[in-house]
Amino acid sequence: MMSFPAQAVAASRVLVVGDVMLDRYWFGDVDRISPEAPVPVVKMGRVEDRLGGAANVARNIAALGAQASLLGVIGQDEAGRTVQELAKADHVQAHWVQDPVMPTSLKLRVLGRQQQLLRVDFEESPALSALDQLQQTMSDLLDQHQVLVLSDYAKGALAQVESLIALARSKNIPVLVDPKGKTYERYQGATILTPNRSEMQEAVGAWKDEDDLMRRAQDLRRKLNLECLLITRSEQGMTLFTEQGREHVEAQAQEVFDVSGAGDTVLATLAVMRAAGLDWLQAMRWANRAGGIVVGKLGTSIVTAKELA
């Protein structure tokens with residue numbers, strides 16, 4: 001494998017647009033069951049906040065040494081202020097659309113002895129006015145970037161995703177999409193989609209074997225007018241479908257500790273390598289390597305250029 005293209009990566013400019021979230025972790029000890037109900041009692045220890053969703057993609061891009069810009073909707077609340085501070089600390093150039101009514105999307109995870117016991121989600125869809133502002137700001141920012149990443153977590157920031165893709169394509173900027181849901185038609189005209197195995201099954205149904213997967217994947221790629229379709233398949237590695245056919249890389253994870261946020265790392269690495277001038281196959285190999293590293297870490301984490309080099 002080629003050496004890490006540090007110089008080209010440093011000159012890369014990637015814009016991430018999508019669902020911004022705050023991942024909050026409550027760590028504690030569990031040594032008894034509640035007398036009120038058959039649930040563990042967690043004695044609180046420490047709290048840790050991390051960027052989630054599209055913000056975690058941008059954080060991973062910056063960690064690789066590229067120039068990361070982030071555009072998303074946050075609320076005027078404590079979680080929103082925390083997201084702003086974390087983005088600044090992680091060297092992400094952020095552009096915020098603030099919705100005065102919507103709370104900032106927050107995933108609260110309660111962990112006892114490093115095991116996740118409970119997750120509580122706080123979320124609402126942004127107002128239409130916020131989405132219009134998001135689109136206008138993206139239009140203003142696009143010319144300063146080489147690649148656009150759309151990170152869809154189905155929280156509402158990408159409700160107008162069709163027009164965002166059309167805008168980028170009109171400027172010949174590649175569009176990488178991490179999709180959600182069954183209706184992939186909304187991603188028509190993107191350059192590449194990166195569904196995981198279960199998301200792909202949701203979109204095209206279960207496949208019998210590799211030949212069947214190839215047919216379904218190529219049908220979807222052609223139907224949506226995509227250049228590529230990359231399926232991340234956990235322990236089965238990654239498979240890239242293009243007009244030329246199919247390319248596959250085996251998984252590199254030594255130990256799988258936590259898969260949350262792994263898709264963000266893969267997407268970020270893919271975008272950075274593409275912006276640095278690598279072809280999709282080379283970019284996939286680097287993304288696969290990064291994914292293999294990040295699943296060995298707890299929670300939404302990053303992979304640095306040093307770890308990849």
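Which residues make a nonpolar surface patch of about 260 Å²?

## Surface patch

Trp26, Met44 and Val47 make this patch. A patch takes residues with over 30% relative accessible area and no salt bridge, and nonpolar side chains (Val, Leu, Ile, Met, Phe, Trp, Tyr) are joined within 5 Å. Trp26 belongs to strand S2, residues 20-33; strands (E, at least two residues) and helices (H or I, at least four) are DSSP runs, numbered from the N terminus. Trp26 has 32% relative accessibility and therefore counts as partly exposed. Buried means under 20% relative accessible area, exposed over 50%, and partly exposed in between (1.4 Å probe, protein chains only).

## Basis of the model

This is a predicted model, in which local features need pLDDT of at least 70 and side-chain atom pairs count only at pLDDT 80 or more, while totals for chains, interfaces and linings use all residues. Residues are numbered from 1 along each chain as its sequence is written, and side-chain values use heavy atoms, with hydrogens and water left out.

## Salt bridges

The whole structure has 19 salt bridges, each a side-chain nitrogen of Lys or Arg within 4 Å of a carboxyl oxygen of Asp or Glu. One of them joins the side chains of Asp143 and Lys171 (3.4 Å, N to O). Asp143 sits in the loop between helix H4 (128-141) and strand S8 (147-151), and Lys171 in the loop between helix H5 (161-170) and strand S9 (175-178), 28 residues apart. Asp143 is exposed at 58% relative accessible area, whereas Lys171 is partly exposed at 30%.

Glu243 pairs with Arg221, their closest N and O atoms being 3.2 Å apart. Glu243 is exposed, with a relative accessible area of 56%, but Arg221 is buried at 3% relative accessibility.

A cavity is a set of points on a 1 Å grid over the protein atoms alone where a 1.4 Å probe fits but cannot get out, and lining residues have an atom within 4 Å of a point. The largest cavity holds about 50 Å³ of space, a volume being the space filled by probe spheres set on the points.

Its lining includes Asp19, Val20, Met102 and Lys155. By class, five lining residues are nonpolar, two polar and three charged. Ala, Val, Leu, Ile, Met, Phe, Trp, Tyr, Cys and Pro count as nonpolar, Asp, Glu, Lys and Arg as charged, and the others, Gly among them, as polar.

Technical notes
1 Å grid on protein atoms, 1.4 Å probe; cavity = no way out; pocket = protein on both sides within 12 Å on 5 of 7 lines; lining within 4 Å. Patch = residues over 30% accessible without salt bridge, like charges linked within 9 Å, V, L, I, M, F, W, Y side chains within 5 Å. Areas by Shrake-Rupley, 256 points an atom, 1.4 Å probe, with all protein chains shown as cover.
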